[in-house]
There are 2 protein chains.
Amino acid sequence: MKSHIETNEPAGKRYEQIANQLRGAIVSGNWMVGHALPSEQQLAQDHQVAVGTIRQAVALLVEQGLVERVHGRGTFVRGVISGAGMLRFFRFGSQPDVLPRSFILSVKIQPASEKAAAALQIAPGSQTLYVMRLRQIQERPCLLEDIVLPLPRFQALGHAAPSQWGDFLYPAYERLCAVHVQHVTDTITFNRLTGAQAKRLELAKDHPCAKVERIAYDRLHSPVEWRVTRGDAHAFRYTNSIL
Amino acid sequence: MKSHIETNEPAGKRYEQIANQLRGAIVSGNWMVGHALPSEQQLAQDHQVAVGTIRQAVALLVEQGLVERVHGRGTFVRGVISGAGMLRFFRFGSQPDVLPRSFILSVKIQPASEKAAAALQIAPGSQTLYVMRLRQIQERPCLLEDIVLPLPRFQALGHAAPSQWGDFLYPAYERLCAVHVQHVTDTITFNRLTGAQAKRLELAKDHPCAKVERIAYDRLHSPVEWRVTRGDAHAFRYTNSIL
DNA sequence: AAGTGGTCTAGACCACTCT
DNA sequence: GAGTGGTCTAGACCACTTG
């Protein structure tokens, strides 16, 4: 035994330890979104290390998207991820300045299905908020979404009127439920519309559709939302760069 | 005028300048794939800067995927990108140890179409090597590819017998034509098969298909290959993480 | 044991933003 | 001008790989 004091920092690289501590302060909500971290000088003093070491620690957090450096101003806790909108998967003939509108078709409390439970890492049958949403551009319906949110975490959302949710959900999660979506995984497959789905999208039954299944995670990498989005396969277009 | 000596290093950050010089040595083929860069100490001396500055320069190249650090051994020029295989887009009932086979259906020299020319940034009508390839897993055809390669860069490939190309093309490009694919952009859309395509894939005409259009780039960010891959839409599955 | 990259220090000076 | 992050220096010592 090297020391009689139990330290729960299992040691390793100094900058990793510091990054972990900083991450803790962020994910615990101790430092809110937009909050400025202490200056590098300050952190170096606090942790009794050189500034360079602090810079390495912060670099890790930047890589993980938790934090953002701004030259001359400071380092800030990042908000909800950007560029996660479903519309990036589809090209509907919309000018960029035409914003899509959301229509909540239904909100129910119901037990999680097998698939939803697996995605959200909760017990099958747990209570969830189940939302159906239609998105349209210039009066034309284009995307149909089934959204499953675990309770009680999203209770506040259920209590608020859907009209108050707004056209984008992630900011609403943040505002009403203090849930910060930090990371998503999208799985794209191809399918055909059921009769009910086709009706909502004003397409024919069995029309080909692109299906995007998304799991959204918060800063602790806990899954917080499971979403299935369907749209016309012929409007689907997705570009990705690798390496 | 600050100096009467014309310098073609337009100046800026020292580590960027150095990174540019190193990049030049790599993309010019001066340092081949697998070649070890000089040690950080050596580079620091050569460029008359501190080691830390060299580390920043090399970090840039690592980010760009040009170079790879190995602790205790050195820094090495990276080869062809990995994980770019088309099969990652599809789930055919194949064990991971069953390797797909390639069949070259045809090789022709023909002028570039409008689309191919745009993708490859060459003049429409330029000479290209046009390859049709079928990939199959366990005797079952699954992917049909149209591949366009600019001439004269790929002349050596045209001269070699297709049987010598192997089951994977990028290593062949490297081996035969000294073309190093460094980066690709894939665009996914959904479509229907033409009669001819359907026949090759042993599916019905108008069967839904996933179409992946790829432009591959070398280390200079010049497009070197345009490829259109088609497969059964129902076998398509693609997962992507964002942020 | 010699050589490599990885971590860390303790500064200096520069570029940018805000007041 | 005061405070922030960005660049750069000139070292020390550690961890890993190879002969």
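Across the interface of chain A and chain B of this predicted model, 12 residue pairs are in polar contact, both residues at pLDDT 80 or more. A polar contact is a pair of N or O atoms within 3.5 Å; within protein, one must be able to donate a hydrogen and the other to accept it, and residues adjacent in sequence count only if both atoms are side-chain atoms. A salt bridge requires a side-chain nitrogen of Lys or Arg within 4 Å of a carboxyl oxygen of Asp or Glu.

Three strands of chain A, β6 (183-192), β7 (208-217) and β9 (238-242), each supply at least two residues of the side that touches chain B. β6(A) gives the most to this side, with nine residues. Helices (H or I, at least four residues) and strands (E, at least two) are DSSP runs, numbered from the N terminus. By class, the side of chain A that touches chain B holds 12 nonpolar, 11 polar and six charged residues. Here Ala, Val, Leu, Ile, Met, Phe, Trp, Tyr, Cys and Pro count as nonpolar, Asp, Glu, Lys and Arg as charged, and the others, Gly among them, as polar.

In total, 29 residues of chain A are in contact (heavy atoms within 4.5 Å) with 28 residues of chain B. The two chains bury about 2600 Å² between them, and carbon and sulfur atoms carry 56% of it. Buried area is the accessible area (1.4 Å probe) that two parts lose on being put together, summed over both. Phe190(A), Ile242(A) and Leu243(A) supply 28% of the area that chain A buries against chain B, more than any other three residues.

Chain A can be laid on chain B by a turn of 180 degrees and a shift of 0.1 Å along the axis, with an RMSD of 0.1 Å. That is the relation of a two-fold axis. The same surface serves both copies, as 97% of the contact residues of chain A recur in chain B. Copies were superposed by least squares on the C-alpha atoms of residues with pLDDT of at least 70 in both.

Seven residues from domain 1 of chain A and five residues from domain 2 of chain A take part in the contact. About 450 Å² is buried between these domains, with 59% given by carbon and sulfur atoms. In domain 1 of chain A, Val27(A), Val33(A) and Leu66(A) lose the most area to domain 2, together 70% of what that side buries. One residue pair is in polar contact across this domain interface, and the count of salt bridges is zero. The side of domain 1 of chain A that touches domain 2 has five nonpolar, two polar and no charged residues.

Some backbone features lie in loops. The peptide bond from Leu151(A) to Pro152(A) is cis, with omega near 10 degrees. Pro152(A) is found in the loop between β5 (140-150) and α5 (155-159) of chain A. In chain B, a cis peptide bond joins Leu151(B) and Pro152(B), with omega about 10 degrees. Gln121(A) is not a glycine, yet has a positive phi of about 55 degrees. Gln121(A) is found in the loop between α4 (114-120) and β4 (127-137) of chain A.

Residues are numbered from 1 along each chain as its sequence is written, and chains are lettered from A and ligands numbered from 1 in the order in which they are written. In this predicted model, local features need pLDDT of at least 70, side-chain atom pairs count only at pLDDT 80 or more, and totals for chains, interfaces and linings use all residues; side-chain values use heavy atoms, with hydrogens and water left out.
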